[in-house]
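Please keep the sequence and the model at hand while reading.

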Amino acid sequence: MAPMKVYGWVVSPWMARVLVALEEAGAEYEVVPMSRSGGDHRRPEHLARNPFGEIPVLEDGDLTLYQSRAIARYIFRKYKPELLGLGEGGSLEESAMVDLWLDVEAHQHEAAVRPILWHCIINKFEGRDRDQGVVDESVRKLEKVLGVYEARLSGSRYLAGDRISLADLSHFSNMRYFMATEYAGVVDAYPHVKAWWEALLARPTVQKVMAGMPPDFGLGSSGNIP
């Protein structure tokens, strides 16, 4: 069977979400590198894969998928369902908690973190002004989100229970860049969150993917995301 293909640029947090899933699953895959600065995502051949012109895109035989969380779910359904709370040792309740915390990650955590990344890292290298008001408001939102996480993680080792799952792993990519900003110390106020984050960082799969994610998105030398 041919390896799966993943299209995108490896510094992307959405690409990293998929790469961590592939590594955790032990799946064979090939990264097809693309250039954001070169406009590869707007070319007709890529728009045929994803009409929204975004990355990552996964090809597995005749199946083409986009949206990083949907791709990660597919990978784990195929190779490692226990990371979705399914399969041996799983349960309907555990899988529901995985889904719940994936939604929290998408709609609460990323919504708070993403403006911080853009204003503190990307704008700096792309010559755009930093809106400190947006940053401050986003940090306040994140603190509220982390308070909820702290309460949850004080009662369970991981977000969906006592086993690691996609709900946890999905946080890595945005947190990796957030922890490269001057606001990384915010996490220190939440000891259970900090321990959870350190446990994620210790995973060999995460370390392997993180090696391709410089803290400045690779913008430091070129001014453009590769």
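At what angle do α5 and helix α8 pack, and how far apart are their axes? In this predicted model, α5 and helix α8, which spans residues 191–201, pack at an angle of about 80°, and their axes lie 7 Å apart. Because angles of 65 to 115 degrees count as roughly perpendicular, α5 and α8 are roughly perpendicular to each other. On the α5 side the contact is made by Leu146, Tyr149, Glu150 and Leu153, while α8 contributes Pro191, His192, Val193 and Trp196. Sorted by class, the residues in this contact of α5 with α8 are six nonpolar, one polar and one charged.

**Salt bridges**

| Salt bridge | N to O distance |
|---|---|
| Arg43 and Asp40 | 3.0 Å |
| Glu94 and Arg163 | 3.0 Å |
| Glu137 and Arg140 | 2.8 Å |

The pair of Glu94 and Arg163, whose closest N and O atoms are 3.0 Å apart, links distant parts of the chain, since Glu94 belongs to helix α4 (residues 92–126) and Arg163 to the loop between α5 (132–153) and α6 (166–169), 69 residues apart. The two partners are also placed in separate accessibility classes: Glu94 counts as buried because its relative accessibility is 12%, under the 20% cut-off for that class, whereas Arg163, with a relative accessible area of 28%, is partly exposed.

The salt bridge between Glu137 and Arg140 lies within helix α5, where the two residues are three residues apart and therefore separated by about one helical turn. Glu137 has a relative accessibility of 34% and so counts as partly exposed, and Arg140, at 45%, likewise counts as partly exposed.

In the bridge of Arg43 with Asp40, Arg43 counts as partly exposed because its relative accessibility is 38%.

Which residues are linked in a network of salt bridges? Arg17, Arg69, Glu105 and Glu110 are linked in such a network.

Note on methods:
Residues numbered from 1 in each chain as written. Predicted model: local features only at pLDDT ≥ 70, side-chain atom pairs only at ≥ 80, totals over all residues. Heavy atoms only, no water. Salt bridge = Lys/Arg side-chain N within 4 Å of Asp/Glu carboxyl O. Buried < 20%, exposed > 50% of the residue type's maximum accessible area, 1.4 Å probe, protein only. Helix = DSSP H or I, 4+ residues; strand = E, 2+ residues; numbered from the N terminus. Axes fitted to C-alpha atoms, helices over the stretch in contact; angles between N-to-C directions. Parallel < 35°, antiparallel > 145°, perpendicular 65-115°, else oblique. Contact = heavy atoms within 4.5 Å. Nonpolar A, V, L, I, M, F, W, Y, C, P; charged D, E, K, R; others polar.
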